[in-house]
Amino acid sequence: MPRPDLGPKPHLGYTESRIERAAELRMNGNAVAMLAALPTARVYVIGGEMIVMKASGGVNDPLFTFNEAADLGGSAEIVFLGTLERAGRWGFGITPQTAETLKARQDLLVTDLRSIAVQGLVEQDHLPPIAEAKAVLNWHLRHRFCPNCGAPTQVTQCGWRRDCAQCKTQHFPRTDPVVIMLASDGERCLLGRSPRFVPSMWSCLAGFVEPGEAIEDAVRRETREEAGIVTGRVRYFASQPWPFPMSLMIGCHAQALTQEITVDREELEDARWFDRDEIVAMLTRRHAGGLTTPPPVAIAHHIIRAWVDGESGFD
Ligand SMILES: [Zn+2]
């Protein structure tokens, strides 16, 4: 059967960063201070879930000088993100309360990263460094005290480590792996609906990888737990940083071995099989019932589309 032509593949949000992280500079405070003193130095200003931008009506500017950022008030941590064509870039943390008060200013736009990504409120190249900054700054917000002994911790390594002076433990920013997968049995694939979704949207199943668990085993466990479907082979597809607050989405396709669905109503509102024609209608926003898949900024869109394109390896 010929494959439908879905057009050029869209960009996957938060990936393909143009920033050179320059991790070797993190232990060289003087070199980073020199970069910060250059007129090309710029920061992204982030308060918890909120990103601060200079408002311009259409595509907004998320870059501030250090002085501009400091004038916004309520600063927290600063993290060195790396360099872009030798210009330094930083994440500049402000308190979530300060970000809330900045919403009143006409010259600024303060909103969450999901809205920015989906609505294209900044140039696409800004999304990966904002994701990087947001994830690290969120980690700082939650790790002021040593999990080992309870003493306050101090920021080192240009924002990439917190050290405990009391028990000498070094703490590093963490990333939480999440599997997100599409099980298929040839002509049909399995989608679910979270109660948090907008009413028309269906997506891949997903769940956190547990300690001591392989990615493939997490895919099989989550698919069985949430929808009662047993899966066999699992194939890695692609990954996506998901800074909400600091996850890594690991996209997979899985071979469904059973057909009968049992929905875990604690996790999902519903789950069902979709045939290829219905999925194509959803991807192209031409579904008769108005059903949709997630937008192209999310990896779920790409996983589902790859199955339609015959790239899952299981049909
Ligand atoms: Zn400690």
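Start at the largest pocket, which holds about 1000 Å³ of space. A pocket here is an open set of points on a 1 Å grid over the protein atoms alone, with protein on both sides within 12 Å along at least five of seven lines. Grid points are joined across faces, edges and corners, and a volume is the space filled by probe spheres set on the points.

Before selecting anything, note that this is a predicted model: local features need pLDDT of at least 70, side-chain atom pairs count only at pLDDT 80 or more, and totals for chains, interfaces and linings use all residues. Residues are numbered from 1 along each chain as its sequence is written, and side-chain values use heavy atoms, with hydrogens and water left out.

**Stop 1: the largest pocket**

Select Arg114, Arg196, Phe197, Trp242 and Met249. Of the 36 lining residues, these lie nearest the pocket centre. A lining residue has an atom within 4 Å of a point.

Now colour by element. Helices (H or I, at least four residues) and strands (E, at least two) are DSSP runs, numbered from the N terminus. Helix 4 (113-119), helix 6 (215-227) and helix 8 each give at least two residues to this lining. So do strand 10, strand 12 (205-208), strand 13 (231-242) and strand 14 (247-256). Which element supplies the largest share of the lining? Strand 12 does, with four residues.

Colour by class next. The lining has 22 nonpolar, eight polar and six charged residues. Ala, Val, Leu, Ile, Met, Phe, Trp, Tyr, Cys and Pro count as nonpolar, Asp, Glu, Lys and Arg as charged, and the others, Gly among them, as polar.

**Stop 2: strand 10**

Select residues 176-184, which form strand 10. Eight of the nine residues are buried, and the strand is mostly covered. Buried means under 20% relative accessible area, exposed over 50%, partly exposed in between (1.4 Å probe, protein chains only).

Show the partners of strand 10. Two strands pair if DSSP finds at least two bridges between them. Strand 14 pairs with strand 10 in the parallel sense, over nine bridges. Pick Ala183 to find its bridge partner Ala254 in strand 14. Strand 12 pairs with strand 10 in the antiparallel sense, over four bridges. There, Met181 has Leu205 as its bridge partner.

Show its contacts, meaning heavy atoms within 4.5 Å. Leaving aside neighbours within four places in sequence, Ser184 touches Cys189, Ala254, Gln255, Ala256, Trp273, Trp307, Ser312 and Phe314.

**Stop 3: helix 7**

Select residues 276-283. Seven of the eight residues of helix 7 are buried, so the rest of the structure largely encloses it. The buried ones are Arg276, Glu278, Ile279, Val280, Ala281, Met282 and Leu283. What covers them? The cover includes strand 11 (188-193), strand 15 (270-275) and helix 8 (299-308).

Check both ends. At the N-terminal end, Asp275 is the cap: one of its side-chain oxygens lies 3.3 Å from the backbone nitrogen of Asp277. After the helix comes Arg285, with a positive phi near 60°.

**Stop 4: the second largest pocket**

This pocket holds about 370 Å³ of space. Select Arg21, Glu132, Ala135, Thr175 and Pro241, which lie nearest its centre among 20 lining residues. Helix 5 (127-142), strand 13 and strand 14 each give two or more residues to the lining. Helix 5 has the largest share, six residues. By class, the lining divides into 14 nonpolar, three polar and three charged residues.

**Stop 5: the cavity**

A cavity is a set of points where a 1.4 Å probe fits but cannot get out. The largest cavity has a volume of about 60 Å³. Select its lining: Ile46, Gly47, Gly48, Ala76, Glu77, Gly93, Ile94, Leu137, His140, Leu141 and Arg144. Helix 5 gives the most here, with three residues. The lining has five nonpolar, four polar and two charged residues.

**Stop 6**

Finish at the open sheet with strand order 7-8-9 and antiparallel pairing. Strand 7 (153-156) and strand 9 (170-171) are the edges, each pairing on one side only. Strand 8 (residues 161-164) pairs with strand 9 over two bridges. Pick Asp163 and look across to Gln170 in strand 9.

Key: A polar contact is a pair of N or O atoms within 3.5 Å; within protein, one must be able to donate a hydrogen and the other to accept it, and residues adjacent in sequence count only if both atoms are side-chain atoms.
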